[in-house]
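Here are some notes for a colleague opening this model for the first time.

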Amino acid sequence: MKKLTLIIALVCLSVSFILAQRTITGKVTDPKGETFIGSNIQVKGTNIGTVTDIDGMYSIVVPDGSNTLIYSYTGYQTKEVQIGAANVMNVTLDEGVALQEIVVTATGIKKDAREIGYSFAKVGKEDIFNGRSPQLAQALSGKVAGLAVYNVNNSVDPQAKIVLRGYRSLTGNNDALVVVDGLQTTATVLSVINPNDIESVSILKGGQAATLYGSAGINGAIVITTKRGTAGKLKVNVSNTTNFEEISFLPDFQDKYGNGSHYANSFGSAGYKTDYLERLKDNWRPFENQQYGDAYNGETRIVGRVLEDGSQYNLPYAPIKDVRKNSFDRGVSNNSQLNFQGGSENSTYYLSAEHNTIHGIVPGDKSERNGARLAASSNYGKLQTGYNLSYVQANYDRTSSNFYSDMINTPAHVPLGDLRDWKNNKFANPNGYFNDYIAVPFFTKDNNRNNYKDANIQGNIELNYKVSSFLSFSNRIGVMNNSRTQKFRTGKFIHSDWAKNKAYVPEPWAYANDYDGINRAGTDILGSVTDRSTSENVVNDDLQAHLSKNIGSFENRLILGYNVYQRAAKLIQIGSNSVVVPDVYNVSNRQGELTGTEGNSLERKFGYYADLTTSYNKFITLNATFRNDNTSRFYKDYRPKNNWSYNYYGAALAFVLTEAMPSLTSNFINYIKLRASWNKNGNDNLPIYGLDLTYPNGAGFPYGTTVGLSVGDVLPDANLKPEFVTSKEVGAELRLWDRRITLDATAYNQQSKGQVITVKVPNSTGFPNLLINVGESKNWGYEADLKVALVQSTKLKWDIGIRYSYNDNKVVDLFPGVNSFQLADGFSYANTNVIKGERFPLLKTDGYVYAPDGSGRRLVNATSGYPLRNTTLLNRGGVLPRHIAGASTKFEYGNVALSVNFEYRGGNVIFSDIGRQMTFTGAGGWTANRDPHIFENSAILGADGKTVSDNNVQVREPEYGLWVDNYRLISENFVTPGWFIKMRDINLAYNLPRSVTSKIKFLEGGSISIFGRNLLTIIDKSNFYTDPEFSNVTDGGILNSLLNGTGLRNGVGLNTLDQTPPVRQYGFSINLSF
Amino acid sequence: MKNLFKYFAVATVLFIASCTESFLDVNTNPNSLPTATPSYVFTNAENTTANIFVGGGTQGVNQMGEFWSGHWTQSSSYISNPIIFGYQFTNGDFNQWDPLYNNLEDFQFVIDNADANDQKYLKGPAKVMKAYIYQALVDMYGDVPYSEALKGVATLAPKFDNQKAIYENLIVSLDEAIVDLKANAFASAFTSSDIIFKGNTSKWVKFANSLKLRLLVHQSRIPGREGYITTELNKISTEGSGFITGEDVGSGGSGFYVATAGKINQIYGLWGYDANGGVLALARYNRPTKYLFDVLIAANDTFRLKRLAYAKGGENPSTPGKSTAAEIVSNYVGVPFGISSGYTAQASSYLGPSLIVKGEFNRPVILMTAAEIQFSLAEMKERFTGINIAGTSQSFYEEGVRQSFRTLGVADAAGKAAILLSSGIENSDWSASTNKLQAINLQKWIALTNFSGLEAWTEYRKSNLPNIPQSSLVTDSKRPVRIFYPNTETGSNSNASSAGTIDVFTTKIFWDID
């Protein structure tokens, strides 16, 4: 019966709504008569609203019973106007005195910006959308002071690491927490969320801001609020974006020398030729991958050997321009969006669908993402409800081979572009391809694939019950489930006997010590298949009681909260190292044993918290927080409670000086806010199940029926407990010059003691690693954010913004006796380290031995003239950028808007392993000097070990030995400053004028834009290698990262050939609303 | 609506109340075992030792020794490796340390937990294996953590003990091991957990004695050490169990290895074939040296030549164990040590059937050869007079040669060895050899080829024999006499500096006197 009443009531309501609504139109202007574009008009007490158009005009449908409209515009006083009899209402807004800006902070608590006592940044949907990036992480790059996005690569499934205010934990997680609509999730979300569904992103930079999220928020949080729909009639928005990408730059190549290796008789052996040109000739071979042959001269030469059918691949011995670049495709991606929104007084809805396809620059790599999101809200008197549900399905089809590396291994005169069709082109087939060591990259990429499919479902329900004017309850429960099914496969390929043993080099190109058969063909590819399935499930519930009571001049609000969090993850993998019947990729189609892995994790947390905000006369606000957390990561029934249950707390003070002393306010000074905060945050930064020393299977075990176990490599200390981080922050916000200048500045300092870290202890202890509370690190920095509205007239608007942040850190203390240890990523010759008294992570590489006279000259061997290699790895500098700056400008004139964002990062070094690899192949432009010469800037050390004399010794075998056997091994050669300047995005938009839209009945608005991302990149002139933004940060193994819910590891600063080359992107977009 | 709220409130209260301690009790690792029976750890530890010695690629323990003792070099189908052949290595290269100490920890776990788990019989074998590993560590690094090592959190910066003292202590610990071995026979159900001797403790005692002999023979050129060595050898003689004879000490073998990637003999799986019999790219890397071939051919020792190496072109896949090319001397092309050009893989000889035969993935990994023991005894008898062990230096020498032929798989080993032993050729035929110690040295050097690279390098450093040519990548006469402490240890162990400044060309191991 009750239900029926409700339905009848709803029907009546909607009927009356239809019958009694009226339309109000009008114009909104400032006191000088200038019109406002985009000022807000809202029907009081409802969610119905609209904005003024380019001419300051608006039109709004007002339901019966509503009698007031609210007009607002940023920087101006909000005005409420009673609706009279007239249907036209023209309104003038006065310049504002106090600006109220509502922001979303931790756990979805909305606060007046004036009350916030810590640094805080908000990125609006326009900024996110500017470059039309289909990925949120990339869209945030450079837009917030203190935020750094580390891109791993540009594949069709880009991964990123988001770090706020640098690194704090020596070996643990330093990634920002990702929160969607109040629900703690994981970095997984970043790649699946549709950026169009985002209303805004709040960046809570310090631990202070995230106290209420519990430990997960200790590195700051990215708080994403999705669109909920606005009341009013149904609005439909359709957009389509087409995006192209192409390689922006490749490493520096040499195009002087063709393929060859060290075939000439070595120095000291019989037959050694003293003329280097003769040796170069001897080094040439038609089947070499290395590029140390004689100089290109345009004559016709064979590439590879004679094929089984007698054919020869004869080509001009001359470089082909841009041959490497042309072996990549131009990437194309397309994004279609459709969304509906609308609602009534009591309910709103938002429904969106997305279809996104990407064809990457690596031929054949593609991905697809389809998603839908439904958000709705509904009010039933005192009960307000909100719902959010999204489903995203994504498919990825990528090569697991290293296309970039294979491509670089190809000499410049081989037209790779002609060799794409390895199935039909006999010279591209593995049985006929010239290269003895590397198969044709197009075959390898087709033969090694990684296909995976993600299904991501997220939902939450939010209930809000207002008991009285001073008490309300809310509960938000959310779920995120991500499942991935993945198949890695390598096709079977058996080489022909001809290729294995008979293919020969014909005269006149044959050499005496050549052999028949393609070296590479000696190893058949037996194929493999690995099938993997992973799932991740997060459930989160937040219950809050909100109390508010004003006592005299004090406005008080207290939030009492309770949070439960559970995360479960699972991985199952089976595989086979052979494939019997070609092209059938099922593990049952195999010979030999199955391989397999299983991993499971489950963690739970619950916490109680209180958040008290007290404002005095609106100008001084104290915010105090307290939280008690209980975590399963540290729980064992025999452990004392204080090892797994811990408290932390903080306080923040915001003081609006201009309100306390209105006399300070002038035409120039509009608003001054000062703020300070102090927090002590607890963190359960322990790998899952980290309390247990385990005894895993020994490598390879079980061998048939034989079992073998090993003592685990990480010894946990018995007294492990959560770590604590103390953060201090002061800052100021200023608004000047009629609010046209906004300046926000912050200084902060974080101190982390007793960190839970995996210390690399001496292996002689029997354990490589110890998991223990030790170490102390400091992390500090400054941030400034300046926004200026340079021109603010009705026709022309010009805003500029500049952001700068400085961040540095220091390892204050490690375990007694331990002064340094190496992080997990890296090579034996170049790796990142944690070193007491230094910044971290710190790059160490081997390098030159320098003359002891301080001249900076590099010592060489007095006989061979080769540079000497230092036998100890030395510090090269920190790999995290100290300086991050962003600049943006937005220019609007009439219907045209242009906006640009730039980013600079610097103050760090990187090591590019590409440099080492390309010295090996001889592809690198820096290896082009193959003429006899004396090693540059060098000297010879005397027998006494002190005196230094000038070096007059020419390097032995400059055409090969110098580069491959010597220069390549000196890793210092490939260390460069890591700075860059990038034009992150640029967007030129044209909004369809009213004159056009009004002619098309159903069309409400529309825009066309062209955009680009990373169109311009400037890097250090010594960096011949790649985009310094890229990092070979690994995920620490799929099992580890999935089970722990952590993203990429901390070892930035090392580049490899595993990345695809940097790209620039550009495209166009059409957006229509009805 | 009010009712709904009530339900909601009640549900919430219940929900909060449910979150007690037990809610958090999900922290038991479901992925890995929380405890281990010593026998399982022992099996893995034995296998790991074998894998560390012969695995690890070009910078592995055995490979490093095979290269630096002049047995092997690389083909020029691979880019020349200046780290190995130009001696341009850093403290980031050749890290044998970390895996070996990791392996020692597993043996230590067995020793510490054997009694409590009623597996006392594992203590002796684990102690022998510990001594085997420590001997290798000292031979590569000199002073290493020993007395304070393997104690976990209790000693986080173990001190570096004097290398000579470690050597002496290893003898003592082997005596302890022998006592344990004699007192505790393997439980019959657990003999298969021992993949070296299948639980045969008397063979373990013989292996312990053989290891003691190895430790002593390394010290034989140190002036004034004669008394100590003689005493210790006579103790072995008194103990009476003798040495490993007529067979090699090997780990794994058939019944253990499985034809699956990662579960086959590591040498086979690294330098030979994959689990499915597919030839590996790295089969084209290692090459026997020209010098090795010159030595064998000069003595007309073609029986062993054909077992140590395949003729150029490598193994014939259709007749496993035989070369593709005719097995005539001119087809055996050794590669000059360290040369970076002119010797492509196909144009030179492959590692031979004594090590790699297609399909024979389940041969044991050899940890010590019978021949080595015989040559050590020959050297001891030749150098020192007061040794009570029965036999003469000649008899031990000749048995060593016979055992070498047997281990290499020469058909009719004893008969073929007899031909060499009576050939009248210097350093082959005992009677025809003018310098007996040189003859022993050379024959031992040949016998260690393919199996005991580290031991061969140790013998070379100890005696500076035979006259292996310098690497062609090196411009002077310097050769490494040790390797660097790894940066993983020096960075984290504050006691590492006590070992002094390391110069890999001059900081010698204590038994390397010149």
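1. A polar contact is a pair of N or O atoms within 3.5 Å; within protein, one must be able to donate a hydrogen and the other to accept it, and residues adjacent in sequence count only if both atoms are side-chain atoms. Between chain B and chain A, 39 residue pairs are in polar contact, both residues at pLDDT 80 or more.

2. This is a predicted model: local features need pLDDT of at least 70, side-chain atom pairs count only at pLDDT 80 or more, and totals for chains, interfaces and linings use all residues. Residues are numbered from 1 along each chain as its sequence is written, chains are lettered from A in the order in which they are written, and side-chain values use heavy atoms, with hydrogens and water left out.

3. Contact (heavy atoms within 4.5 Å) links 91 residues of chain B with 103 residues of chain A.

4. The rule finds two salt bridges across this interface. Such a bridge puts a side-chain nitrogen of Lys or Arg within 4 Å of a carboxyl oxygen of Asp or Glu. Asp93(B) and Arg869(A) form a salt bridge at 3.8 Å, N to O.

5. Now look within chain B. Helix 9 (residues 201-218) and helix 10 (residues 226-239) of chain B pack at about 170 degrees, their axes 10 Å apart. Axes are lines fitted to C-alpha atoms over the stretch in contact, and angles run from 0 to 180 degrees between N-to-C directions. Helices are DSSP runs (H or I, at least four residues), numbered from the N terminus.

Key
Helices (H or I, at least four residues) and strands (E, at least two) are DSSP runs, numbered from the N terminus.
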